[in-house]
Amino acid sequence: MTGKRGGGGDPHTVNIVSGNVFGSVIQAGTISGGVHVHSGEPPVVPVVTSVVARDSASYELFVGRAAQVEELLAGMAPEGDGRAVVVSAGMGGVGKTALARHAAAIAVQRRWFTGAAVLVDLRGYDPDGRAVASEDVFAPLLRMLGVEAKKVPETRAEQAAVYHQTLDRMARQGRRVLLVLDNASSGDQVRNLLPRQSAHRVLVTTRDRMSVPGSRTLVLAELPLGEARVLLEEAVREQLPEDTRIGDNPELADRLVRACGALPLAVRIVAAILADEPDLPLTTLVDELRRGGDLRHGELSVAGAFDASWRRLLVRDPSAARLGWLCTLHPGPVLDTEAARALDGRTEAEVRAGLRTLLQAHLLGRAEGRWQLHDLVRRHLAAQSLPGLADEPAAALARLLEYYLEAARTRDAQWFERERVNLLTAVPVAAAAGQDRLAAELAAAVCTFLTEPSDLPARILLCLHEVDAAGRFADARRRAEALERLGMSLTAAARFSEGLSVLRQSLELWRAIGDEEQVADVLHFLGRALTRAKRFQQAVSAFRESAQQYRALGSPLREAAVLDDLALALINLRQPDEALAAANRSAELYAAGGDRCSELNLRVTAAAIHTTAGHYHEAVSAAEAVAWLARDEGHIEAEARACSQLAIIYGQTGQQRRYITYRNRALQLCQQSGDESLEPALMIPMLIAVTALANDVDAAAAIQQEVDYHRSVGNMNGEGDALHRLGLLLSDRTQHSAAYQVHQKAVEVWRELGNRHREGTELATLARAYAAVNRMTAARRTVDEAVEALTDSSAVDEAEELRDWAEKLPAGSVDEPEKLLNVTTVTREKRGGCVQLLTIVGVVVAPVVGAPWWMLAGWALLLGGLRTARALATGQRRPASGVDEPMLEEAFSQFKGCVSVFFAAGLALAYFAGGPWWLLAACTVLAGCWVSGKHGAVVFLLIGVLVVHFGWGTWWVAAGLVAPLLGYRNTMGPAVETRTVEVG
């Protein structure tokens, strides 16, 4: 307003301010032009609160981190060293503040800090950049320490002096103080606040690595999976005590926790969402989290926690921020410095500096010496935008793939194992990014490392990517190679129908290209695949064509390898002469090429062919010749194979001692060779060889040993084959319950492998086993499953044949379900023992003491009567004589003939040397040795004749007439013992 002062003078202006005034008041005289007012922002008011004890009503939920809590408590204890403890979180939201508050609350509850326990939020990562300065904290801290407001100085310098004087006085008085300085972003925020007396303690939480005098650092990672699940359940039940969704679905809860990256902030947000929506299924929330997006609930946000660190990094070090963003392009969970350099394109020193900056900002972690991005951090950084990076992602990814391709071609298996996940993920990433050439070449390079049976699923997946990528950039040769690799991988996984189809596609493509050498190679691979699929006739055709191709190309050693495989296929077709010709021709080619070891191995193959044909004399001669030559020339593997073949021959012909001798020699040579794969390759055929002449349990135990070996090394194909043979053995020995279980296990193996053809054939075998014991309903049901599996594998003829067989099964049969057992039993004749010894001693002593004939006859008839009575009581019958295995018929018939000749010669010698009395003594010895079968019938017939001879006219004649009947019954009831073995 305008007015005058006093009674006269010039008029002047008077500014009057009334009422409540907020902000600045500016007074001036004459004002001309624009007015610009510059006012500093008011200081940030710090939030300073007291730490509450753990048993207070306002105490917040905390789960896990027992080791970290104990470490903090050890630092805060009265007997501690008084150093400040920096709780450094791996990233925002990892729970650093919750940990500090929890440990501080325990310390307060234990009355360790009688002076004060204060928490200060320094707002070091405030979104608006308005962090609390240390000088702004002195005044509120003084009031929390008990200083009256009117005694708090006005200037900050004076406040600092009084603050430290107060802390010093409280330390002398024994009143310890705890300061929790939360969310500090730099050392400048906390240095002036640190007490000078060792009695006091300080906890500092930060997202950065900072230097604080006299401090130690505790770095936090995400929660372990189990603790994160407990946190989720407790946080939900804190708001909904009756909610049981987490406890009732532990697997879904684990999936939720994994989707949260086990980050405490994310877990709490998920718990809040579940509490808000009591009817929300866990599966729905899991799907939402997998689709991405920000985890947010009210003011809580995972993206907000990360965003503060990201914005701070952009200001402090833009090149490090660029590197962090490029790291999100990496396909795997961890990367080394070389991979980061490939992504960035700068020098190693520059990249290392950037990685360290990211580590200090806790946007990057360390895992086993490499760099790691948390899943949620990766998602957040990938969503950020940086100027000038429009074309850089494609170039960075190409550099990374080129690096991995070169490394895969030059590095060793140890490097591959470290980079396995990255490499397996890089191929589909390259294909999705349109880097088809790199995807195909990288897939081929990685496949060279995937050689174990357990690697087949990954190898097949890579080959599929390689085939698709090669097709897109129209490289016929690369596509043919990819198809060849895929076909071999599929057949190795026993997916024969798919594998054979792919190999034929590769063959046709190579023929169109005109590469005859590759045609020969694929024909060889195709023959091997057909052999494994038990399509031997087709395999023979492929092998013969391949051998012709190699012969035309002038590759004798490769032709020899094909002929070796051809011989094995011909053996399975029961064509021993042609198989022998192929093996001999292969050996000649190896000899001409100077490959002595392969030549000797082929000579062993020839011995195996003779064995299969039942020509044991020729087989022994061939194998012994190879064994001697190999020993003289130092070929350990060839000698081991020769000894193994000799063990097989002697095992099949029942020559147990020689079998054991050569088996042990073969195993000794395997150990000397240093080849870990050689021993099982030779041991398994030797085990199979003894099953034919062994009793039930020994035969089953031998095959079960083979099953266990294949299972231990992860060879599911070998396991399935062995289970199949074990089931057939048990069915043949009438151990039906155990056989069912073994066949069902074999079905499970083929089903897991995805081999529908072998699954179908195994189900067909199981159906026939059911039918053999009149379980027709189960047989028909199993036939339906087998027909479906065979049809799926394109084995239509086999399916039709099985269907015809099932239609002929009789109806109305018994089909009671049996209890499946995993044991089998054996019935084995007891021979000798004390009875045999007593009989021999008695017969030797009889002529010395002048024992009468009736004592010998009575003893023999007593033994026969007891044995016959046992047979009648138990219903036991002796199995029919003979051997079912075709390859053993010749050896077994020769053995029986020799025994019969010696038996007859011994009886004739006893008669002509000592007359009827000595003949009776010989027959008594044989009866005491439990002679049975046709020989037993002859012995008791002679005893009957001799009894009639000696006792004519007495009642002994009746006993003599009964003796042949005892001999007949004696052939049906041997004494037995029962043993068990676990199978399956």
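Helices are DSSP runs of H or I with at least four residues, numbered from the N terminus. One of them, helix α2, covers residues 96–109 and contains A105. The model described here is predicted. Its protein chain has 40 helices and 15 strands. Of the 984 residues in the chain, 48% count as buried. Among contacts between residues at least 6 apart in sequence, 69% join residues at least 24 apart.

**Nonpolar cores**

- The largest nonpolar core has 62 residues, and L400, Y404, W415 and L442 are the members that touch the most others.
- Helix α15, residues 392–410, gives the most to this core, with 9 residues.
- With neighbours within four places in sequence left aside, W415 is in contact with Y403, Y404, A407, A408 and L423.

**Helix α2 and A53**

- A105 in helix α2 is buried, at a relative accessible area of 1%.
- The C-alpha atom of A105 is separated by 4.5 Å from that of A53, although the two residues are 52 apart along the chain.
- Q109 is also placed in helix α2.
- Q109 has a relative accessibility of 33% and therefore counts as partly exposed, given that this class runs between 20% and 50%.
- Between the C-alpha atoms of Q109 and A53 the separation is 4.9 Å, and these residues are 56 apart along the chain.

**E441 in helix α17**

- Helix α17 spans residues 436–447 and includes E441.
- E441 has a relative accessible area of 15%, so this residue is buried, the limit being under 20%.
- Apart from neighbours within four places in sequence, the contacts of E441 are L405, R409 and R478.

**Packing of helices α25 and α27**

- Helix α25 (residues 596–612) packs with helix α27 (residues 636–652) at an angle of about 10 degrees, and the axes are 9 Å apart.
- The two helices, α25 and α27, are therefore roughly parallel to each other, because angles under 35 degrees fall in that class.
- On the α25 side, the residues that meet α27 are L600, N601, V604, A607, A608 and T611.
- On the α27 side, the residues that meet α25 are E637, A638, R641, A642, Q645, I649 and Q652.
- By class, the contact of α25 with α27 consists of 7 nonpolar, 4 polar and 2 charged residues.

**Aromatic pairs**

- The structure holds 4 aromatic pairs, among them F138 with Y163 and Y403 with Y404.
- The ring centres of F138 and Y163 are 5.3 Å apart and their planes stand at 50 degrees, so this pair is tilted.
- F138 belongs to helix α3 (residues 138–144) and Y163 to helix α4 (residues 156–172), so the pair ties together parts that are 25 residues apart in sequence.
- F138 and Y163 are both buried.
- The pair of Y403 and Y404 is tilted, with 5.1 Å from centre to centre and 45 degrees between the planes.
- Y403 and Y404 are buried as well.
- Y403 and Y404 are also among the contacts of W415, and both Y404 and W415 belong to the largest nonpolar core.

Definitions and conventions:
Residues numbered from 1 in each chain as written. Predicted model: local features only at pLDDT ≥ 70, side-chain atom pairs only at ≥ 80, totals over all residues. Heavy atoms only, no water. Core = buried A, V, L, I, M, F, W, Y, C linked by side-chain atoms within 4.5 Å. Buried < 20%, exposed > 50% of the residue type's maximum accessible area, 1.4 Å probe, protein only. Contact = heavy atoms within 4.5 Å. Axes fitted to C-alpha atoms, helices over the stretch in contact; angles between N-to-C directions. Parallel < 35°, antiparallel > 145°, perpendicular 65-115°, else oblique. Nonpolar A, V, L, I, M, F, W, Y, C, P; charged D, E, K, R; others polar. Phe/Tyr/Trp six-rings, centres within 6.5 Å; stacked < 30°, edge-to-face > 60°.
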